[in-house]
Number of protein chains: 2
Amino acid sequence: MDIHSLDTPFLAVDLDIFERNLQVMADYCRQHQLRLRPHAKTHKSPWVASQQLRRGAAGITVAKPGEAEVMSVLQPAELLVAYPTIGEGKLRRLARIVQASEGRTRITISIDSNFAAQAIAMAAQAANVRFGILVELDAGLHRVGLTTTEELLALVRIVHALPGLEFDGLAFYPGHIKNNAGIEAAHADIARLLERNLQAVRKAGFAVPIVSGGSTPSWKWAHLIPELNEVRPGTYVYNDRNTIMGGACRMEDCAAVVVATVVSTAVPGQIIIDGGSKTFSSDRLNGAPDAGFGLLLEDHAALFHKMNEEHGYIDVSQCQRSFKVGDRVRILMNHVCVAMNLQERAYGFRQGQLEREWEIAARGKLQ
Amino acid sequence: MDIHSLDTPFLAVDLDIFERNLQVMADYCRQHQLRLRPHAKTHKSPWVASQQLRRGAAGITVAKPGEAEVMSVLQPAELLVAYPTIGEGKLRRLARIVQASEGRTRITISIDSNFAAQAIAMAAQAANVRFGILVELDAGLHRVGLTTTEELLALVRIVHALPGLEFDGLAFYPGHIKNNAGIEAAHADIARLLERNLQAVRKAGFAVPIVSGGSTPSWKWAHLIPELNEVRPGTYVYNDRNTIMGGACRMEDCAAVVVATVVSTAVPGQIIIDGGSKTFSSDRLNGAPDAGFGLLLEDHAALFHKMNEEHGYIDVSQCQRSFKVGDRVRILMNHVCVAMNLQERAYGFRQGQLEREWEIAARGKLQ
């Protein structure tokens with residue numbers, strides 16, 4: 001089957017680029033002695049996760065128990081739930097994964113509150129399992145993570161004192177770094193912050209085996225933080241328009257596009273494609289909100305300026321070429337993670353021929 | 001099971017409000033002798049569609065063949081694919097629905113191009129079925145739909161001439177009407193446009209059985225268009241913040257909320273909830289893009305100002321009450337259709353008790 005015979009819109013992955021992206025990140029981490037626990041949020045697929053593990057990833061990172069359940073079929077040595085997991089039902093589900101793996105999969109949860117620590121310890125005892133814990137530090141995104149060394153140290157003490165918990169170390173997410181302008185200074189800030197906090201934790205007598213950070217926008221600079229020994233990038237498997245904008249990849253490193261069909265040319269100067277916010281999400285381009293909801297690869301002068309759920313409005317009045325109803329076009333997504341969450345399947349091509357298709361098995365796992 | 005025991009985030013439907021919304025629309029249409037072919041895009045659920053049919057809906061409207069396949073289990077008398085369906089594979093799938101229903105379900109497709117008419121006629125002949133056709137007119141949204149009477153009449157002639165097609169009439173979508181300020185004038189404009197086009201079509205000797213329009217934002221004013229005899233509202237089953245903003249419902253007519261949990265309070269003045277763009281979508285409020293990604297019902301002074309995929313950032317610095325990790329909160333969505341597309345299930349409550357849960361079976365049916 002070739003790329004022209006599937007019903008549109010569909011998500012096409014160039015397998016050569018995809019495999020190169022996996023290898024480049026694996027090589028970088030090996031070179032700099034960084035553990036790689038890639039975030040599955042981008043691909044949401046056990047098959048893709050298996051390709052990451054095969055290339056040396058230490059484990060898989062997820063956000064929600066439902067994603068952990070999907071990834072647990074691989075029985076990875078480590079599942080990191082990099083999210084403050086709150087709720088008895090959710091913690092019971094995580095405990096069941098550990099039990100069902102018969103010791104093969106260890107689960108670690110990153111937290112930033114006493115409430116979470118107490119609840120996880122209770123769940124661990126009730127199920128007779130142990131959970132690893134990473135204590136989360138705010139490195140500048142101001143999302144989750146403790147903001148003072150006092151709070152951080154207090155939570156480390158609580159984790160050590162509670163039964164069923166094992167203190168694995170510290171985690172942070174450098175999500176405030178989206179652009180490589182000033183990126184070395186931003187890494188120096190994080191390095192100083194980590195040093196200050198690690199010093200306090202170690203001085204209090206606690207070993208810190210893991211210091212976990214990393215993201216795709218900042219991936220090439222992770223080695224600039226001396227204390228960092230683990231990264232959790234997600235987007236790098238496919239990359240997207242945001243990754244290009246931030247300077248962390250080139251256009252030719254983008255492995256995934258949406259293939260869509262022109263369904264109407266009734267309004268002069270405009271084409272309507274058969275995908276809108278239900279296909280691409282409504283995410284705008286970081287730092288350039290007026291640059292459209294995706295890039296039309298057939299003609300960069302087109303502007304994908306508006307969407308409804310099933311309709312993409314593309315202004316083609318500045319294009320060199322013309323488009324007619326029935327034409328297929330390729331759109332590079334602004335944000336591949338959220339677009340992937342909207343697909344049932346992905347289609348992997350090599351030189352235009354369909355080689356493999358896979359289910360986005362962890363899509364829509366909100367809980 | 002009560003509303004407090006499900007893993008969050010989940011979508012909760014108040015069944016009393018939901019049933020009242022269905023009944024109010026059914027009564028309005030009956031009173032004004034309008035056919036009701038509600039759009040399933042909002043609920044994406046055969047169970048909800050069955051409740052609409054039970055209250056007198058003439059059929060169900062969808063956008064994509066995948067949605068038609070899901071709704072076909074009900075064997076409705078009519079399935080309207082209100083979307084220019086382009087692609088041989090998709091048309092084969094629609095033909096199979098007609099064949100499998102053994103004459104119980106008729107499928108109508110709305111189109112705006114000769115290309116679509118020719119392709120649908122070929123698919124109809126190949127499968128030995130007939131498709132109804134609505135020719136689409138641009139009523140002001142400038143999305144799909146023909147923009148001149150000459151083009152409209154030319155396409156009506158083509159549809160009449162092609163084998164396998166039955167001309168059902170005209171369709172338009174008043175999606176440019178999002179606010180009831182000036183709504184009577186907007187309806188007068190549409191009435192004049194329709195009259196002009198209908199006159200030309202009838203003068204050429206063609207009967208026009210159906211004139212199909214209608215949307216939720218404009219629903220109360222549909223009877224102001226004398227020629228209109230069918231409406232296709234979708235959002236009215238649940239309503240949302242956009243519907244309130246537009247003046248087409250009150251707060252107490254909103255039947256659906258997302259229930260989420262506070263997972264972090266580490267950053268002062270802010271709470272993080274366990275749902276972000278993967279739960280709510282990134283859609284902003286129509287006409288008030290800075291009014292946040294949803295309304296926190298517990299305290300309207302909160303501002304849900306930022307999202308990542310799994311994190312909702314809510315500024316609670318102006319709130320009267322305080323929030324702590326583990327608290328559950330209810331968020332009224334900006335746009336319920338896109339949020340529903342992100343859920344696996346919906347949960348129906350009556351007076352706080354879970355009465356029914358159902359699968360969002362047509363979610364993510366992009367093709």
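## Salt bridges between the chains

A salt bridge is a side-chain nitrogen of Lys or Arg within 4 Å of a carboxyl oxygen of Asp or Glu. With that in hand, we can look at this predicted model. The rule finds 12 salt bridges across the interface of chain B and chain A. One of them joins the side chains of B:D7 and A:R93, at 2.8 Å from N to O.

## How the two chains meet

Let's step back to the whole interface. Here 62 residues of chain B are in contact with 62 residues of chain A. Between them the chains bury about 5000 Å², with 50% of it on carbon and sulfur atoms. On the chain B side, B:R143, B:K278 and B:L366 lose the most area to chain A, together 14% of what that side buries.

Polar contacts also cross the interface, in 36 residue pairs. Several elements of chain B each supply at least two residues to the side that touches chain A, including α4 (88-100) and β11 (270-273). The largest share, 4 residues, comes from β10(B). By class, this side has 22 nonpolar, 21 polar and 19 charged residues.

## Rings that pair up

Now for the aromatic rings: over all chains the count comes to 16 aromatic pairs. A:F280 and A:F304 form an edge-to-face pair, 5.2 Å centre to centre with 80° between the planes. A:F280 sits in helix α9 and A:F304 in strand β13 of chain A, 24 residues apart. A:F280 is buried, with a relative accessible area of 3%, and A:F304 is buried at 2%.

In chain B, the planes of B:F18 and B:W47 are at 25°, so this pair is stacked.

Notes
Residues are numbered from 1 along each chain as its sequence is written. Chains are lettered from A and ligands numbered from 1 in the order in which they are written. This is a predicted model: local features need pLDDT of at least 70, side-chain atom pairs count only at pLDDT 80 or more; totals for chains, interfaces and linings use all residues. Side-chain values use heavy atoms; hydrogens and water are left out. Contact means heavy atoms within 4.5 Å. Buried area is the accessible area (1.4 Å probe) that two parts lose on being put together, summed over both. A polar contact is a pair of N or O atoms within 3.5 Å; within protein, one must be able to donate a hydrogen and the other to accept it, and residues adjacent in sequence count only if both atoms are side-chain atoms. Ala, Val, Leu, Ile, Met, Phe, Trp, Tyr, Cys and Pro count as nonpolar, Asp, Glu, Lys and Arg as charged, and the others, Gly among them, as polar. Rings of Phe, Tyr and Trp (its six-membered ring) pair if their centres lie within 6.5 Å; planes under 30 degrees apart count as stacked, over 60 as edge-to-face and the rest as tilted. Buried means under 20% relative accessible area, exposed over 50%, partly exposed in between (1.4 Å probe, protein chains only).
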